[in-house]
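This report looks at how one protein chain is arranged. The sequence and coordinates come next.

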Amino acid sequence: HCLLQASAVSLSSAVTAVPCRDGCSWAPVIDGVYLKGKTVERAWAGQLRPNTSTISGFNLNDGAMFVSGYPNAMSSMSSSALSAYYSTRFGSERVKTLSSIFPVPRATTPAWLSNYFYSAQQCETDFSYACTAQWVSHALAKQKSSAYVYQFSEPTSNGLVLHGDEIDYVFGTLRQPTSQQSETSSVIMGFWTNFAKTGDPNGDRLPHWPSWDQSAPLLNISA
């Protein structure tokens with residue numbers, strides 16, 4: 001009722017006033033009425049809609065855009081900058097642990113990417129996207145709901161697969177795609193169309209996409 005009576009100016013001002021971890025201009029608010037808790041917590045408590053299939057997933061480099069210093073840090077991040085990222089983001093007491101979980105690779109793909117940035121974006125991808133998708137799907141599967149999890153890894157943005165890169169593949173709106181990208185888009189549209197119709201992405205001679213279970217099957221989507 002309050003929203004219906006509010007002016008356009010007050011609504012637009014409220015949007016930019018809501019804080020967001022990544023500096024974005026909008027974030028959901030857990031108000032206890034319409035949004036009663038975090039998705040992961042609600043899933044594990046069995047409080048999400050029952051008997052409802054889900055698709056969730058993440059892009060290979062989903063977190064890259066949210067590492068401090070992006071985009072310049074992509075090619076220039078140093079060892080000290082990586083440690084500072086871990087410390088600022090997760091606390092100084094976790095730097096050693098995270099450094100062991102996400103070791104700095106000797107080489108990266110693409111080659112211009114900083115080795116240290118690669119580890120940082122791996123960490124951010126897992127923390128912000130990959131782990132959440134898998135945690136929620138694991139909880140749903142325990143409650144007998146079908147969950148399908150993907151990793152999208154078709155190189156799109158200068159050899160990377162950044163946050164949002166999958167959208168044009170889903171809707172078939174790629175501009176000047178390669179033959180591999182067109183093929184990947186066709187497969188994705190098939191999966192999403194089947195899921196919208198039946199709650200199961202499989203069919204139409206598509207690669208088999210197993211539903212999530214204890215073995216944690218993950219569909220890697222790429223050409």
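This is a predicted model: local features need pLDDT of at least 70, side-chain atom pairs count only at pLDDT 80 or more; totals for chains, interfaces and linings use all residues.

## Sheet

Three strands make an open sheet in the order β1-β2-β3, and their pairing is parallel. Because β1 and β3 are at the edges and have a single partner strand each, one side of each has no neighbour in the sheet. From one strand to the next, the twist averages 30 degrees.

Six bridges join β1 and β2 in the parallel sense. Phe58 has Gln151 in β2 as its bridge partner. Helix α7 lies across β1 and β2 and runs at about 160 degrees to β1.

## Helix α9

Helix α9 covers residues 179-198, 20 residues in total, and its first and last C-alpha atoms are 29 Å apart, close to the expected 28 Å. Its buried residues are Gln181, Thr184, Ser185, Ile188, Gly190, Phe191, Asn194 and Phe195. The cover over these buried residues includes β1 (54-59), β2 (147-152), α8 (167-171) and β3 (219-221).

## Nonpolar cores

The largest nonpolar core has 18 residues, of which Met77, Tyr85, Tyr86, Phe117 and Cys123 touch the most other members. Two or more residues of this core come from each of α4 (73-76), α5 (79-90), α6 (95-101) and α7 (115-142). The largest share, four residues, belongs to α5.

Beyond its neighbours within four places in sequence, Tyr85 contacts Val67, Ser68, Phe90, Ala120, Cys123 and Glu124. Another core, of 13 residues, lies apart from the largest one and includes Tyr148, Tyr150, Phe195 and Leu219.

Methods:
Residues are numbered from 1 along each chain as its sequence is written. Side-chain values use heavy atoms; hydrogens and water are left out. The expected span of a helix is 1.5 Å times one less than its number of residues. Buried means under 20% relative accessible area, exposed over 50%, partly exposed in between (1.4 Å probe, protein chains only). Contact means heavy atoms within 4.5 Å. A nonpolar core is a set of buried Ala, Val, Leu, Ile, Met, Phe, Trp, Tyr and Cys residues joined through side-chain atoms within 4.5 Å. Two strands pair if DSSP finds at least two bridges between them. Axes are lines fitted to C-alpha atoms, for helices over the stretch in contact, and angles run from 0 to 180 degrees between N-to-C directions.
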